[in-house]
Amino acid sequence: MTNSADTTRRDFLGWLAGLGTLLTAARGFPGSRPAPSQLPTRPIPGTAETLPIVGLGSSKPVLEIPTAGTEPLAAVIRVLLEHGGRVVDTSPRTPEIDAEFSSVLTAPEFRDRLFVTMKINTNGAAAGEEQMRQNQMLAGRRTLDLLQVESLRDLDAHWPNVLRWKDSGEARYIGVTVSNNRQHDDFEAVMRSEPLDFVQINYSVMEPGAEDRLLPLAQDLGMAVLINRPFMNGSYFGRVSGRTLPDWAPEFDCATWAQFSLKYILAHPAVTCVLTETTNPEHMEDNVGAGFGRLPDEATKRRMREFVQDF
Ligand SMILES: NC(=O)c1ccc[n+]([C@@H]2O[C@H](COP(=O)([O-])OP(=O)(O)OC[C@H]3O[C@@H](n4cnc5c(N)ncnc54)[C@H](OP(=O)(O)O)[C@@H]3O)[C@@H](O)[C@H]2O)c1
């Protein structure tokens, strides 16, 4: 007889074996490659749809398109897909960058395999409408998976249109985002007053504020939760640099500092998917690895917070 802990442990060992084979292949040794383990999924509350628990925050690879081209972005999306991931979070950029980005999202190898989340991040209803059309061009289709108003920016102006686009089928799901603890009170008020399908919130082992009220509230209200800033836009790695993982990290199948924060996040039952931003396929592989194996329990999470609090 197996239980879910056995299953996640087996998947973790499968992920480790797949990683070993990938690295061997990358070093030029031939060998047959087993199919990589597929990420666990969690439900979008109130629907029959599920999402894999690790996704890509695309800001950095998209902003680097003018200097690095589209290949680094395509490479990290390939790693994500290989492990059963499919969530890609986006924001409107310049028309030139978005045209290049769109060529990636709509390429035959990616099109129809991704759950692409989009944003409105401007002032005024007319400019918001323009961004909606830009988002549709970016996605290469009329129906967006998820439309979010970023950081509540001019929410009153955009929200009537966002509701209308959901009614008309132009957005399957709608939501709002926040990435700063100072906006959490305003965010909570919007969560309590609006019919949101998704919320996107900043949360990590060094920025755990959302677990006080926002995450339990999302659970109570049946909202799907995306997490941003898992590494505080990279500053986390500066703080853990030169430090050794605690010797109890293997107790929850944690092999790297990236997985230390991601497993902390994924252990919260409100979380649907964590968005990790990277330009590096090996980092994407590392981040996907956090989705396999055991997760820390509440006592271990407390220990994790205490361990990093003075870093
Ligand atoms: N208000 C909003 O709606 C809002 C605000 C902020 C962010 N977001 C969303 O959240 C996403 C995540 O962005 P974030 O700012 O929160 O960034 P983050 O994921 O917290 O950190 C990204 C940084 O971590 C590095 N990194 C990633 N994986 C790593 C690994 N395994 N090992 C070492 N370094 C690693 C990346 O560098 P490398 O390229 O070298 O890997 C990058 O510099 C964004 O792309 C966006 O989609 C939304």
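Mentor: A residue is counted as near a molecule if its C-beta atom, placed from the backbone, lies within 6 Å of that molecule. The model before you is a predicted one. With that understood, the shell around the ligand holds 28 residues, and those that come nearest are Gly57, Thr177, Ser179, Asn228 and Gly234. By class, 16 residues of the shell are polar, 6 are nonpolar and 6 are charged. At least two residues of the shell come from each of α2 (59-63), β10 (273-277) and α12 (281-289).

Consider next the strands beside it. Strand β3 (residues 54-57) runs parallel to β10 and is joined to it by 4 bridges; in this pairing Val54 has Val274 as its bridge partner. Strand β9 also runs parallel to β10, with 2 bridges between them, and here Leu226 is partnered by Cys273.

Apart from residues up to four places away in sequence, Leu147 touches Met118, Ile120, Asn135, Val162, Trp165, Ala171 and Ile174. One of these, Trp165, lies in helix α7 (residues 155-167). A residue counts as buried if 20 or more other C-beta atoms lie within 10 Å of its own; Trp165 has 21 and is therefore buried. Trp165 and Leu147 are 18 residues apart along the chain, and their C-alpha atoms are separated by 9.1 Å. With the same exclusion of residues up to four places away, Trp165 touches Met132, Leu147, Glu170 and Ala171.

In α9 (residues 214-221), the buried residues include Leu214, Leu215 and Ala218. These three cover an arc of only 100 degrees around the axis, so they are on the same side of α9. The buried residues of this helix pack against β9 (224-228), β8 (198-202) and α8 (184-193).

Leu217 also belongs to α9, but Leu217 is partly exposed, because 17 other C-beta atoms lie within 10 Å. Its contacts, neighbours within four places in sequence aside, are with Glu188 and Met191. The C-alpha atoms of Leu217 and Glu188 are 8.2 Å apart, although these residues are 29 places apart along the chain. After α9 comes Gly222, whose phi is positive, near 70 degrees.

Finally, the setting as a whole. The protein has 13 helices and 10 strands, and 41% of its 311 residues are buried. Among contacts between residues at least 6 apart in sequence, 76% join residues at least 24 apart.

Notes: Residues numbered from 1 in each chain as written. Predicted model: local features only at pLDDT ≥ 70, side-chain atom pairs only at ≥ 80, totals over all residues. Nonpolar A, V, L, I, M, F, W, Y, C, P; charged D, E, K, R; others polar. Contact = placed C-beta atoms within 7 Å. Buried ≥ 20, exposed ≤ 12 C-beta atoms within 10 Å, placed from the backbone. Arc of directions from axis to C-beta. Pairing = 2+ DSSP bridges.
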